[in-house]
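Hi,

Here is the structure we talked about handing over. Have a look at it first, and then read on for what turned up.

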Amino acid sequence: QVQLVESGGGQVQAGGSLRLSCAASGRTFSSYPMGWFRQAPGKEREFVTGIDWNGATYYDDSVKGRFTISRGNAKNTVYLQMNMLKPEDTAVYYCALSPAGIMTGKWDYWGQGTQVTVSS
């Protein structure tokens, strides 16, 4: 059974940093496209960033220049480095995996989510 497990959420003051981790297990997911979404209270879940088969990265405009997605050496792990955090970044962050590729918009596997809270 496929599992995505996130870690690293927490509470931080505006301007601070957090690093989220996501590890995929259950199959050989080395270098599969993976990404991060977030959902704030009362809002739809939204795409934050993704990293594709060839290492290409994509970012929502709201996080460009502040967030960085990267893979771990094991390739089945992705990290989200979040700098210059703002209160509007407060949300539950979800890791997701897309065997079909990021541009298809099909995300087949999801983690349980980790809370990020940014106080002003």
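Which residues does Gln-3 touch, leaving out those up to four places away in sequence? They are Ala-23, Ala-24 and Ser-25, where touching, or contact, means heavy atoms within 4.5 Å. I'll come back to Gln-3 below.

Some ground rules before the rest. This is a predicted model, in which local features need pLDDT of at least 70 and side-chain atom pairs count only at pLDDT 80 or more, while totals for chains, interfaces and linings use all residues. Residues are numbered from 1 along each chain as its sequence is written, and side-chain values use heavy atoms, with hydrogens and water left out.

The overall picture

The protein has 11 strands and 0 helices, so the pattern along the sequence reads β-β-β-β-β-β-β-β-β-β-β (both are DSSP runs numbered from the N terminus: helices are H or I with at least four residues, strands are E with at least two). The C-alpha atoms fill a box of roughly 40 × 30 × 25 Å along the principal axes.

Of the 120 residues, 43% count as buried. Buried means under 20% relative accessible area, exposed means over 50%, and partly exposed is in between (1.4 Å probe, protein chains only). Among contacts between residues at least 6 apart in sequence, 57% join residues at least 24 apart. The protein exposes about 6,100 Å², and carbon and sulfur atoms supply 46% of that; the areas come from the Shrake-Rupley method with a 1.4 Å probe, and for residues only the protein chains shown count as cover.

The disulfide

A search of the whole structure finds 1 disulfide (a pair of cysteine sulfur atoms within 2.5 Å). In general, a disulfide is a covalent bond between the sulfur atoms of two cysteines. Here Cys-22 and Cys-95 form the link, with their sulfur atoms 2.0 Å apart. The angle about the S-S bond is -80°, and the link is left-handed. Cys-22 sits in strand S3 (residues 18–25) and Cys-95 in strand S9 (residues 91–97), so the pair links distant parts of the chain, 73 residues apart. Cys-22 is buried at 0% relative accessible area, and Cys-95 counts as buried at 0% as well.

Around strand S3

Ser-21 is found in strand S3. Is Ser-21 buried or exposed? With a relative accessible area of 18%, Ser-21 is buried. Setting aside residues up to four places away in sequence, Ser-21 touches Val-5, Glu-6, Ser-7, Trp-36, Val-78 and Tyr-79.

Back to Gln-3, whose place is in strand S1 (residues 3–7). Gln-3 is partly exposed, with a relative accessible area of 46%. Gln-3 and Ser-25 are 22 residues apart in sequence, and their C-alpha atoms are 5.3 Å apart in space.

Two loop residues

Ser-17 lies in the loop between strand S2 (10–13) and S3, and counts as partly exposed at 39% relative accessibility. Ser-17 touches Val-12, Gln-81, Met-82, Asn-83, Met-84 and Leu-85, not counting residues up to four places away in sequence. Ser-17 and Lys-86 are 69 residues apart in sequence and 9.8 Å apart in space, C-alpha to C-alpha.

Met-84, one of the residues that Ser-17 touches, is in the loop between strand S8 (77–82) and S9. Met-84 has a positive phi of about 50° although it is not a glycine. At 46% relative accessibility, Met-84 counts as partly exposed.

Arg-38 and its contacts

Arg-38 lies in strand S4 (residues 34–39) and is buried, with a relative accessible area of 6%. Leaving aside neighbours within four places in sequence, Arg-38 is in contact with residues including Glu-44, Glu-46, Asp-89 and Tyr-93. The C-alpha atoms of Arg-38 and Gln-115 are separated by 9.3 Å, and the two are 77 residues apart along the chain.

That's the tour. Happy browsing!
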